[in-house]
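Here is my notebook from a first look around.

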Amino acid sequence: MRKYRLLLCCVLLLGFSCGLNNTMYNARKYFNDAKSRPLTANGRPSSQAVDEYTKAIKKCGIILSNKKRNAKTDDALYLMAQALYLKGNSAFQAKDQFEALIAGFPDSPFYGESHIWLAKVLREINQPEQAEDLLEDFIRDPLQKKLHPKALLTLADFEIQDKDFHRAQYWLEKIITDYPNDQNYPKALSKRAWKAYADQDYAGAIDGMKLYLESSQPSPTRAQAMFALGDCYRRTEQLAEAARQFNALIAAGQ
């Protein structure tokens, strides 16, 4: 009899695990479908995307309704928090979920990323100083060094939004100087170069655009940088270089 009870427990546990995996799979599918939809003209998610984010949140809620933690609890919490933020009208709820993950799951693979998301949420609910304080503390944590460039780029974006370009430049330079092999390095180069271009510092923009183009892969942003570089050469009367740059852009089919 004991053998059969043990077998029954194993079957039930297996069924529960399969159910969690299926629910999490569907939650991720709804979330990814929503995220892949283009934003509306005012930069907000479409009604279809909002509906899919809502479905993802409900699926995550099913997993989180179980009072006992399991292997999917922090996954569901992280996905739910992102969906609440991205759907555009639930920032305070998103804040609660990111804070719950940070407080309750310090060993989660989503622990570090949750700090960066939480900073964005704090900006959304008009707490910019708290957002910056959070990220400045985060970039001092040696255990999160891998995510420091992403946090620094987020800080730079915050400063650009606030039109504090001197401070933005400070954060960008830290990425460029300290993290040349990170995936955020080209983004930092690009932002620095475009700032020089906007300031009509065409010599600085030429240097910046060239560095960015050397470090980046083909993309619409790269094509824009190629055009801007050609324009910088034109404005500094380096006409042969300008022609070569524009011809390279045409040859690339951009």
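Predicted model: local features only at pLDDT ≥ 70, side-chain atom pairs only at ≥ 80, totals over all residues.

Entry 1: I then looked up which residues touch: Leu153, Asp157 and Ile160 come from α7, while Lys187, Ala188 and Lys191 come from α9. Sorted by class, this contact has three nonpolar and three charged residues, and no polar ones.

Next I wanted the geometry. Two packed helices are described by the angle between their axes and the distance between the axes. For α7 (residues 148-161) and α9 (residues 185-198), I found an angle of about 20° and axes 11 Å apart. Angles under 35 degrees count as roughly parallel, so I noted α7 and α9 as roughly parallel to each other.

**Entry 2: a glutamine in a loop.** I moved on to Gln144, which sits in the loop between α6 (128-138) and α7. Is Gln144 buried or exposed? Its relative accessible area is 14%, and buried means under 20%, so I put Gln144 down as buried. Which residues does Gln144 contact, leaving aside its neighbours within four places in sequence? I listed Tyr111, Gly112 and Phe138.

**Entry 3: cysteines.** I also checked for disulfides. A disulfide is a covalent bond between the sulfur atoms of two cysteines. With a cut-off of 2.5 Å between cysteine sulfur atoms, my count came to zero disulfides.

Note on methods. Residues numbered from 1 in each chain as written. Heavy atoms only, no water. Axes fitted to C-alpha atoms, helices over the stretch in contact; angles between N-to-C directions. Helix = DSSP H or I, 4+ residues; strand = E, 2+ residues; numbered from the N terminus. Parallel < 35°, antiparallel > 145°, perpendicular 65-115°, else oblique. Contact = heavy atoms within 4.5 Å. Nonpolar A, V, L, I, M, F, W, Y, C, P; charged D, E, K, R; others polar. Buried < 20%, exposed > 50% of the residue type's maximum accessible area, 1.4 Å probe, protein only.
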